[in-house]
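Visitor: Please put the model on the screen, and then we can go through its geometry by question and answer.

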Amino acid sequence: MDAQESTELVEDAIGDKSKTRTALTISVFAMVLAFASLGGSNSAKESMHENIQASNAYAFYQAKNIRQTSLKIAIGDLELQLLQQPGMPAQAKEAVQKKIADYKKTADRYESEPETKEGKKELMQQAKEHEAARDHALRQDPWFDYAEGMLQIAIVLLSVSMVGAIPAMFYVGALLGSLGFLATVNGF
């Protein structure tokens, strides 16, 4: 074997190692791309779900508020009746006062119901919690988008480096893919 043949064998071996390294790098980045895609999809679904839950809690809060206001108006009307009709029969006066007490109790219950978590106070807290979860998911989503873009470009550059035997493309693709990996981790 002469020097030329051994040089060709070494170059072939190095080329095969380079292609193997590039192929493995592409495989790793493709796997990370799948995770980034899954994370982006999940964060989008979560933000939509939490937004719906927040809207539902606010709507329930408004319904409770309307009912509470209606009861307060009814209480005012009944109290006004008592003032306008001082000579009201005792039995009727007692019935009106009982109704006022029932309405006040119900209006107070609408303000806060810790046992069922359906009072206005609890509903507002739930709505704010759902908004916070939605906002967190919305902050995650762009990182997954950035990661997907960088990883896709990295895979293309790495493929070009393998086909065209251009080492600079490998390094640029590896750098871009590494940034995509970091963006994926940051998204989670």
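Guide: The radius of gyration is taken over C-alpha atoms, and the globule rule is 2.2 Å times the number of residues to the power 0.38. This is a predicted model, in which local features need pLDDT of at least 70 and side-chain atom pairs count only at pLDDT 80 or more, while totals for chains, interfaces and linings use all residues. Residues are numbered from 1 along each chain as its sequence is written, and side-chain values use heavy atoms, with hydrogens and water left out.

Visitor: What radius of gyration does the chain have?
Guide: By the globule rule, 188 residues in a compact globule would come near 16 Å. The C-alpha trace spans about 130 × 25 × 15 Å along its principal axes. The radius of gyration of the chain is 34 Å.

Visitor: In what order do the elements of the chain run?
Guide: Helices (H or I, at least four residues) and strands (E, at least two) are DSSP runs, numbered from the N terminus. The chain has four helices and zero strands. From the N terminus on, the order is α-α-α-α.

Visitor: How are the rings of W143 and Y146 arranged?
Guide: Rings of Phe, Tyr and Trp (its six-membered ring) pair if their centres lie within 6.5 Å; planes under 30 degrees apart count as stacked, over 60 as edge-to-face and the rest as tilted. W143 and Y146 are three residues apart in helix α3 (residues 120–164), so about one helical turn separates them. With 5.8 Å centre to centre and 85 degrees between the planes, the pair is edge-to-face.

Visitor: Is F170 buried or exposed?
Guide: Buried means under 20% relative accessible area, exposed over 50%, partly exposed in between (1.4 Å probe, protein chains only). Y171, whose ring centre is 5.4 Å from that of F170, has 54% and is exposed. F170 has a relative accessible area of 8%, so F170 is buried.

Visitor: Which residue lies over the face of F170?
Guide: A charge sits over a ring if NZ of Lys or CZ of Arg is within 6 Å of the ring centre and within 35 degrees of the ring normal. Here the distance from the ring centre of F170 is 4.0 Å. The residue is R21.
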